[in-house]
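Colleague: Could you walk me through how some terms are applied to a protein model?
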Amino acid sequence: MNLRYASASLWLWLCAAAYVCAAEPATIERSATLADVFPAAQVQALRSVLPADQRVTWAVRLPSTSPRSVLVFVSPNAAADPPPGWDTVLDRHATVWIAARDFGNPAPSHQRVLVALMGLALARRDYVPADARRYIGGMSGGGRIASIAATTFPQRFDGALYLAGADDFGQAEPARLAAIAANRYVFLTGDKDFNRREMRQVHQRYRKAGVPQTLLLDLPHFAHHYPGANDLERALAFLDGGAER
């Protein structure tokens with residue numbers, strides 16, 4: 001009787017533990033320094049941008065299935081978790097989310113670009129396969145940083161998502177322009193976004209520069225905020241290779 005009771009109790013405990021593990025959020029925290037993710041020669045060159053011993057912390061959300069892509073996200077503030085409602089879309093696209101904490105708009109732009117590249121290197125090393133698609137995105141001022149990183153280092157990415165903020169890449173030498181043009185870009189704004197005019201202008205400059213794979217989502221009744229799950233779905237589907245234009 002005691003053995004039967006003990007077995008039943010153990011079974012119930014295992015079930016409860018499994019439920020708790022299943023219910024735990026998929027977002028974890030990682031921290032690293034320049035030396036943790038880049039070779040020594042690069043660290044030496046980059047330490048003028050970010051102290052070599054400064055630890056950066058990222059929120060990393062892993063999808064429910066084997067990853068097929070990674071989205072390096074640049075937040076406009078100190079937060080780093082995915083916006084509400086985005087989890088199911090990230091899971092559907094098997095996308096790893098990685099975003100640095102405490103590197104919002106007040107941080108120097110060159111540091112934010114570097115920290116985004118560190119996040120990409122960390123994700124590629126530890127969380128995604130070698131052939132995973134590599135995206136960078138950002139909101140508002142974070143979108144501007146994402147646009148700088150995506151067009152300064154186009155060979156490191158396959159696409160970019162600009163939410164209510166983006167900068168034009170200006171003049172680019174032929175090799176860099178060809179690398180920029182090989183990638184895919186989503187510009188998301190709306191009729192109540194104070195950055196709408198600039199977003200539309202930057203999108204047109206991409207097209208005039210010969211960048212064909214762009215999608216402009218100009219949403220009705222949309223102000224300067226994060227989009228919902230349906231619009232994120234449209235954006236990621238295009239970045240993954242969808243035909244919407």
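This is a predicted model: local features need pLDDT of at least 70, side-chain atom pairs count only at pLDDT 80 or more; totals for chains, interfaces and linings use all residues.

Colleague: Why is alanine 80 called buried?

Modeller: Buried means under 20% relative accessible area (1.4 Å probe, protein chains only). Alanine 80 has 1% relative accessibility, so it counts as buried.

Colleague: Which residues does alanine 80 touch, leaving out those up to four places away in sequence?

Modeller: Alanine 80 touches Ala59, Trp97, Ala99, Ala100 and Arg101, where contact means heavy atoms within 4.5 Å.

Colleague: What makes E5 and E6 a pair?

Modeller: Two strands pair if DSSP finds at least two bridges between them. Five bridges join strand E5 (residues 133-139) to E6, and the two run parallel. One of the bridge partners is leucine 163 in E6, which faces methionine 139. From E5 the chain passes through helix H6 (residues 141-152) to E6, in a right-handed β-α-β crossover (with the strands pointing away from the viewer, the path from the first strand over the helix to the second runs clockwise).

Colleague: What about E6 and strand E7?

Modeller: E6 and E7 (residues 184-190) also pair in the parallel sense, over five bridges. Leucine 163 has leucine 188 as its bridge partner in E7.

Colleague: How covered is strand E6?

Modeller: Five of the five residues of E6 (residues 159-163) are buried, with Gly159, Leu161 and Leu163 on one side and Ala160 and Tyr162 on the other.

Methods. Residues are numbered from 1 along each chain as its sequence is written. Side-chain values use heavy atoms; hydrogens and water are left out. Buried means under 20% relative accessible area, exposed over 50%, partly exposed in between (1.4 Å probe, protein chains only). Helices (H or I, at least four residues) and strands (E, at least two) are DSSP runs, numbered from the N terminus.
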